[in-house]
Amino acid sequence: MIERMYTKQRMSKIVKHNGTVYLCGQVGVRGESIKEQTAECLRRVDELLVEAGSSREQILQAIVWLSDMRDFAEMNEVWDAWVPEGHAPARACGEARLASQELLVEVIVTAAYD
């Protein structure tokens with residue numbers, strides 16, 4: 001069975017299937033620094049994971065998109081403090097044009113759930 005949460009015409013924020021939860025991309029607040037946007041985006045990931053019955057300890061994969069790879073080190077400072085010791089997911093990070101110019105980072109997460 002596939003369970004979709006917060007579903008609208010274009011997408012669902014959470015999709016659960018067969019012990020795996022898929023989150024839609026999460027972004028930070030507009031007009032802030034890369035560190036602030038990363039922290040906000042990861043806070044949103046945390047909220048959705050909890051709602052889906054998962055946690056950051058259960059993240060399987062993360063895909064990080066930066067609007068500018070020059071922000072890589074600063075984003076990683078926030079990321080490294082957020083990821084629980086011994087629970088680092090498989091991760092990719094690349095540069096992409098995001099949905100608006102104000103957005104600096106987007107994170108897409110796949111996790112296990114109980």
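## R43 and its partners

In this predicted model, R43 is partly exposed, with a relative accessible area of 37%. Its side chain meets that of E40 in a salt bridge, 2.7 Å from N to O. Is E40 buried or exposed? At 15% relative accessible area, E40 is buried.

Both residues sit in helix α1, 3 residues apart, which is about one turn of the helix.

## More charged pairs

Side chains of opposite charge can pair when their charged atoms come close. Take D46 and R56, whose side chains form a salt bridge at 2.7 Å, N to O. D46 belongs to helix α1 while R56 is in the loop between α1 and β5, so this pair ties together parts that are 10 residues apart in sequence.

Now look at K35 and E77: their closest N and O atoms are 2.8 Å apart, and they form a salt bridge. K35 lies in helix α1 and E77 in helix α2, so the link ties together parts that are 42 residues apart in sequence. K35 is partly exposed at 32% relative accessibility, and E77 is partly exposed too, at 46%. The salt bridge count comes to 7.

## The whole chain

Zoom out, and you'll find 2 helices and 7 strands, running β-β-β-β-α-β-α-β-β from the N terminus. The radius of gyration is 14 Å, close to the 13 Å that the globule rule gives for 114 residues, so the chain is as compact as a globular protein of that length. Of those 114 residues, 42% count as buried.

Notes
Residues numbered from 1 in each chain as written. Predicted model: local features only at pLDDT ≥ 70, side-chain atom pairs only at ≥ 80, totals over all residues. Heavy atoms only, no water. Helix = DSSP H or I, 4+ residues; strand = E, 2+ residues; numbered from the N terminus. Rg over C-alpha atoms; globule rule 2.2 N^0.38 Å. Buried < 20%, exposed > 50% of the residue type's maximum accessible area, 1.4 Å probe, protein only. Salt bridge = Lys/Arg side-chain N within 4 Å of Asp/Glu carboxyl O.
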